Amino acid sequence: QVQLVDSGGGLVQAGGSLRLSCTASRRTFSSRVMAWFRQAPGKEREFVAGINWSAGTTYYADSVKGRFTLSRDNAKNTGYLQMNSLKPEDTAVYYCATRASAVIVTTQGGYNYWGQGTQVTVSS
């Protein structure tokens, strides 16, 4: 059983920054994809960004491209989502997820392990 713990959310003003973390219970991410999704109140959960853990290749949703950056720390089994230039529309619960494949997909059904979620609130 894989456990993911995501953290780092909080309240920030528009234009500010936050860094989210996703830590796996064991050496989980090797040969996998780690991704972030978010869900705003009353909306569907949507893909934000994903990283092929071994190759380091990344893919971002258009809405966050140029503002959000993924990185990883193999020694800590931890991935990070650096979020800059935050906007009120970025407000959501953010979830990390992983899938047993090296292919990044943008549908939540493609991921079989999820973190508990961390709240990000951006005030205007």
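Colleague: How many disulfides does a search of the whole structure find?

Modeller: Please bear in mind that this is a predicted model. A disulfide is a covalent bond between the sulfur atoms of two cysteines. In this case, the search finds one disulfide. Cysteine 22 is joined to cysteine 96, with an S to S distance of 2.2 Å.

Colleague: Which strands hold cysteine 22 and cysteine 96?

Modeller: Cysteine 22 belongs to strand S3 and cysteine 96 to strand S9, so the pair ties together parts that lie 74 residues apart in sequence. The disulfide is right-handed, because the torsion about its S-S bond is about 65 degrees.

Colleague: Is cysteine 22 buried or exposed?

Modeller: Buried means under 20% relative accessible area. Cysteine 22 has a value of 0% and is therefore buried. Cysteine 96, also at 0%, counts as buried.

Colleague: Where is serine 21 placed, and which residues does serine 21 touch?

Modeller: Serine 21 is in strand S3, which spans residues 18-24. Leaving aside residues up to four places away in sequence, serine 21 touches Val5, Asp6, Ser7, Trp36, Thr78, Gly79 and Tyr80. Its relative accessibility is 14%, so serine 21 counts as buried.

Colleague: How many aromatic pairs does the structure hold?

Modeller: There are six aromatic pairs. Phenylalanine 37 is buried at 0% relative accessibility, and tyrosine 111 is buried at 5%.

Colleague: What form does the pair of tyrosine 95 and tryptophan 114 take?

Modeller: Tyrosine 95 and tryptophan 114 are edge-to-face, at 6.5 Å centre to centre and 80 degrees between the planes. Tyrosine 95 lies in strand S9 and tryptophan 114 in strand S10, so this pair ties together parts 19 residues apart in sequence. Tyrosine 95 is buried at 14%, whereas tryptophan 114 is partly exposed at 26%.

Colleague: Which residues do ring pairs link into a cluster?

Modeller: The cluster consists of Phe37, Phe47, Tyr59, Tyr95, Tyr111 and Trp114.

Colleague: Over the face of which ring does arginine 45 lie?

Modeller: Arginine 45 lies over the face of tryptophan 114, 4.9 Å from the ring centre. Arginine 19 lies over the face of tyrosine 80, at 4.1 Å from the ring centre.

Technical notes
Residues are numbered from 1 along each chain as its sequence is written. This is a predicted model: local features need pLDDT of at least 70, side-chain atom pairs count only at pLDDT 80 or more; totals for chains, interfaces and linings use all residues. Side-chain values use heavy atoms; hydrogens and water are left out. Rings of Phe, Tyr and Trp (its six-membered ring) pair if their centres lie within 6.5 Å; planes under 30 degrees apart count as stacked, over 60 as edge-to-face and the rest as tilted. Buried means under 20% relative accessible area, exposed over 50%, partly exposed in between (1.4 Å probe, protein chains only). Helices (H or I, at least four residues) and strands (E, at least two) are DSSP runs, numbered from the N terminus. A charge sits over a ring if NZ of Lys or CZ of Arg is within 6 Å of the ring centre and within 35 degrees of the ring normal. Contact means heavy atoms within 4.5 Å. A disulfide is a pair of cysteine sulfur atoms within 2.5 Å.
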